[in-house]
Amino acid sequence: MVPKSKIDEILDGYDVNDLTIATLCSHSSLQIFHGARKMGFKTLGLTISHDTRYYDAFPLAKPDEIIRYADFDEMEERIGELYDKNVILIPHGSFVEYMGPRRFSDYAVPSYGNRAVLGWESDRDKQRQWITSAGVPMPKLITDAREISEPVMVKYHGAKGGSGYFIARDYLDFKMAVDNTQPYTIQEYCLGTRYYMHFFYDPLKKDGYRCEQGGSLELLSIDRRDESNIDEMYKLGSIEESRRHGINPSFVVTGNTPVVIRESLLPKAFDMAEKIVNRSYELFGGMWGPFCLETVVNDKLQFKVFEISTRIVAGTNPFISGSPYADLIYPGFSTGARMAMEIKESAADGTLKELMS
Ligand code: ATP
């Protein structure tokens, strides 16, 4: 991981009144560029092979400039150009996944958030250790596939948008579907309603919902993912029936829809998020900025967190012009704009280094 002292040194060479917000052209980049522009920043799109013509269709979210690289090696070789532009990177799920968490954590451009979180997020065992030791419930873990006695989810490591995951009801199901060449985790399949809650922890804010660490926790929005083909499988009858026709359930994310949760669930949601933030400071120096708790709520109104994403997630994209929650804090603000707001304020009051790694 790039040493914090190196990032601070780079920031010392920056003109903080002329920062550029950059990200990889994918995932939530429209929202990130739109939010950065709204707060008066220059914007820069980084791309390897993505078609970027779609930005022409959305002029308010089009980056001021795009740099095209042949591959991530070239992105690393040309790092000096980003220093010249006083670039602050906004990591998103695809940026980190395509570049690779290890490579991203070595990429010496100031990045919003704590890079140390990557090691705890990308390794499912460490992620579980973090969340459960915070006192937040997760789906039960099955360590020996031969002990599968109820429906389970088999997941491969890393953010894959649910790709390749499968449900197994017994060992035979598991054996027939598993790809042994990749590391995987077996979890209890949790039946309930899924809520993907988009929190934001601001370590510099001194009012609102204060946490033990002294900063403030916000809930900016909640979505539910559209997942193909599981969401529509009922139209063919049961999963068993679909399997008889050679169609297996899959969990590939194709879109996101806005939701709100019943108000009486909010205290539980904040309690979980607060515990996870507090524990992050004890374990690895903290998690700040946007993060998403991916949850299932059962009919006893109990939450289980099946995953945490420790940066902006694509589920915030329905909320480019605000949400029922963000509008009670910063009307009309997206998560992208909220990050830009924090960067702008910290650049103005000399605390930018505290947010960068
Ligand atoms: P991302 O990193 O993009 O969030 P991912 O590839 O890590 O995605 P998960 O979010 O862990 O995948 O899971 C994909 C989908 O599988 C979830 O959105 C949810 O619908 C379903 N799912 C995951 N874990 C469980 C579980 N324990 N019980 C029931 N459904 C689950």
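I counted a polar contact as a pair of N or O atoms within 3.5 Å; within protein, one must be able to donate a hydrogen and the other to accept it, and residues adjacent in sequence count only if both atoms are side-chain atoms. The model is predicted, so I noted that local features need pLDDT of at least 70, side-chain atom pairs count only at pLDDT 80 or more, and totals for chains, interfaces and linings use all residues. Numbering runs from 1 along each chain as its sequence is written, and side-chain values use heavy atoms, with hydrogens and water left out.

Ligand site. I found an N or O atom in the side chain of Arg 225 at 3.0 Å from a ligand oxygen. The side chain of Tyr 165 has an N or O atom 2.7 Å from an oxygen of the ligand. A polar backbone atom of Glu 188 is 3.0 Å from a ligand nitrogen. Taken alone the ligand exposes 610 Å², and the protein buries 95% of that (Shrake-Rupley method, 1.4 Å probe).

Cores. I took a nonpolar core as a set of buried Ala, Val, Leu, Ile, Met, Phe, Trp, Tyr and Cys residues joined through side-chain atoms within 4.5 Å; buried means under 20% relative accessible area (1.4 Å probe, protein chains only). The largest has 86 residues, and Phe 291 is among those that touch the most other members. I listed contacts of Phe 291 (heavy atoms within 4.5 Å), leaving out residues up to four places away in sequence; they include Met 197, Phe 199 and Ile 308.

Key: Buried < 20%, exposed > 50% of the residue type's maximum accessible area, 1.4 Å probe, protein only.
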